[in-house]
Amino acid sequence: MIHVLMIVCGGIAGYKALETVRMLKKLACDVRVIMTPASTEFIAPKSFAVLSGHDVVVSESSSCTTAAISHIELAGWADVCCVVPATANTIAKYAYGIADNIATSALLATTAPVCVAPAMNTHMWQHPATQTNINMLRKRGVCIVGPDAGELACGTSGAGKLVDPEDIALYTYSLALRPARDLVGEDVLITAGPTREALDPVRCLTNYSTGKMGCALVRAARVRGARVHLIAGPLSCVYPTCDSCDHVICAQEMYEATTRYLSSMTIAVCTAAVADWQPANVEAQKIKKDKRAYYDLSLIKAPDILQYISSQHCGYVAGFAAETTDVIAYAQQKLARKGCNLMIANDVSHAESTFGSDTNKVSYVFADRVEHAPCADLTHVAHDIFTHIVADNTKNAAAAGARATAASAPLTQSVLPLEKTSHDTIH
């Protein structure tokens, strides 16, 4: 079981931390809560105690279950820490090592990874001091989740809104499972979700993809240190915090968005279920049923995004093969056809690995081998995917380096001396 230490700061967004606790418990985490004194003016500690199943700590004299637990003990107990909502005040204290309450003392004492979800007024968020503090934390490896832009409690509108509690919970969970910060310096491009190919203004061709797997990959890549660009079709799940996100509808829009990132990306993971076919003509007005018994629909091929990315040779490329039969055989054919480095195959005819499931069971199809993985929740699968990508990418780089060294080595040949004879002979 993952031990999560949640630190709740003073702010109106504190009520959303209650939902974050509930989501973490749903992920089978054990959650203990520290509240700053200011936060108790917004939320009663008993609310967190009920949801977490533990007494809440507000000061060193607060009791927890059987005995007082100091900030040192709480810091050592935690597998991961989550600060939500993170106010400008607490962020500044954490950045500069000020420990004037049990919450900031615990942050300084813990060696566990830390997830910070800011929430504050737009001008406070944009202030150079706050941005400097956030950048300091980022450089130390702290995972910053948000904030979102939108209407704020103070009446203004802009950046500073706390991100969705589910996103915070999933980021915290992913951070706890992180095996290493092995994607630092990488620019990861991820496509996710379905596409919708319009038939007319009210109808479209689409599929059952929700985007959950792609979103799990976004979170895994970011907690491992990557800069992440998401190109998302219409998702049926919470959009994850990322460095940039392009919202698209159809295959053509996804293709065009993808091309804009190719010059900077070093790894691409194409999880999106992109339409293979699109209508040859889109009706300007709604198609009426009238008295027709059938309607002829002409389709043309949609852009092949995975094949295009692979053809540009601009980084490591992984694709997904969602199949219902002969999964490995079709995935191997797709790998060869698309020209990518890795094909991740899953059988969507099974409940454990179909669209919308919170679990997945995948196989890794490389040009020279196939590796099967057990069924696991999407966060575990996402980390396993990047572990395979990092290992294969490292192996490929080492092989390429060896070939380059061999090709640049000077040619050496042994020259045998001419045999001396007693006299020259001319024929």
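The following questions and answers look at annotated positions and pockets in a predicted model.

In this predicted model, local features need pLDDT of at least 70 and side-chain atom pairs count only at pLDDT 80 or more, while totals for chains, interfaces and linings use all residues. Residues are numbered from 1 along each chain as its sequence is written, and side-chain values use heavy atoms, with hydrogens and water left out.

Student: How far apart are the farthest two C-alpha atoms of the residues that UniProt lists for "binding site"?
Tutor: The unreviewed UniProt entry lists D276, K286, P303, D304, I305, L306, F320, K334 and K338, in the numbering used here, and such annotations may be inferred rather than shown by experiment. These residues span 63 residues in sequence, and they do not all gather at one spot, because the farthest two C-alpha atoms are apart by 36.4 Å.

Student: Is D276 buried or exposed?
Tutor: D276 sits in the loop between β15 (267-270) and β16 (277-279), where strands are DSSP runs of E with at least two residues, helices are runs of H or I with at least four, and both are numbered from the N terminus. Buried means under 20% relative accessible area, exposed over 50%, and partly exposed in between, with a 1.4 Å probe and protein chains only. The relative accessibility of D276 is 58%, so D276 counts as exposed.

Student: With which side chain does the side chain of S174 make a polar contact?
Tutor: S174 lies in helix α8 (residues 165-177) and is buried, at 1% relative accessibility. A polar contact is a pair of N or O atoms within 3.5 Å; within protein, one must be able to donate a hydrogen and the other to accept it, and residues adjacent in sequence count only if both atoms are side-chain atoms. At 2.9 Å, the partner of the S174 side chain is the side chain of H383.

Student: Which element gives the largest share of the lining of the largest pocket?
Tutor: On a 1 Å grid over the protein atoms alone, a pocket is an open set of points where a 1.4 Å probe fits, with protein on both sides within 12 Å along at least five of seven lines, and lining residues have an atom within 4 Å of a point. Among the elements that each supply at least two lining residues are α9 (212-223), β18 (316-323) and α12 (327-338). The largest share, five residues, comes from α12.
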